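Let's walk through this structure together, one element at a time. Please keep the sequence and the 3D view side by side as you read.

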Amino acid sequence: AEPVTRLLMPMSEERSTLRQSLIPHLIEAAAYNVARKADSVALYEVGSVFLGQTAEGLPFEEEHVAAVLTGKWLDHGEKKEVDFFVLKGIIEGVIGKLGLTERITFVKAEVAGLHPGRTASILLDGEQVGIIGGLHPAEQKAWGVKDTYVMEMNLVALLQANASEAP
């Protein structure tokens, strides 16, 4: 893991470092909505994360896209429970629009906080550009949500790959 960047004057202890992932805030927003009786939640965010430091000692900023799904998903007029394959299908749709289908693979992975049997790395030309997975049951219980799936991808890497020729 990259070292975190601490803020000199944070608004709260929970927000005392620059974020390294978009996922925690999306889970928090999904849990907030579920606690207020929303039976289905689908949220996404495009935003900056801060990973390590530049040569000048400044935080290294990277643009990511992330999503969280819980509850039901409308698929061709039919409501179905959200699962790994619903979110994977959404990712594949985005990847297809970018013309990267042949260059993306999903490989089983283990990520802290995610379900070990329902998590994968998203690879672009063999290099990791993201993750997809279901929240670990202990995390779901802690957040007060049922089956919840998340993904996060490096948007810059995807857009640069889209602009370049295939290797």
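What should the 13 residues of helix α1 (residues 23–35) span at 1.5 Å a residue, and how far apart are its end C-alpha atoms? The expected span, taken as 1.5 Å times one less than the number of residues, is 18 Å, and the end C-alpha atoms are 18 Å apart, which agrees. Helices here are DSSP runs of H or I with at least four residues, strands are runs of E with at least two, and both are numbered from the N terminus.

A word on the ground rules: this is a predicted model, in which local features need pLDDT of at least 70 and side-chain atom pairs count only at pLDDT 80 or more, while totals for chains, interfaces and linings use all residues. Residues are numbered from 1 along each chain as its sequence is written, and side-chain values use heavy atoms, leaving out hydrogens and water.

Back in α1, look for Ile23, Leu26, Ile27, Ala30 and Ala31, which are buried (under 20% relative accessible area with a 1.4 Å probe, protein chains only; exposed is over 50%, partly exposed in between). They cover an arc of only 135 degrees around the axis, so they sit on the same side of α1; the arc is that of the directions from the helix axis to the C-beta atoms. Just after α1 comes Lys37, with a positive phi of about 75 degrees.

Next, find Ser48 in strand β1 (residues 41–53). Ser48 is buried, at a relative accessible area of 15%.

Finally, strands β3 (residues 72–75) and β4 (residues 78–81) run antiparallel, joined by four bridges; strands pair if DSSP finds at least two bridges between them. Leu74 has Lys79 in β4 as its bridge partner. Two residues lie between the strands of this hairpin, and His76 in the turn has a positive phi of about 55 degrees.
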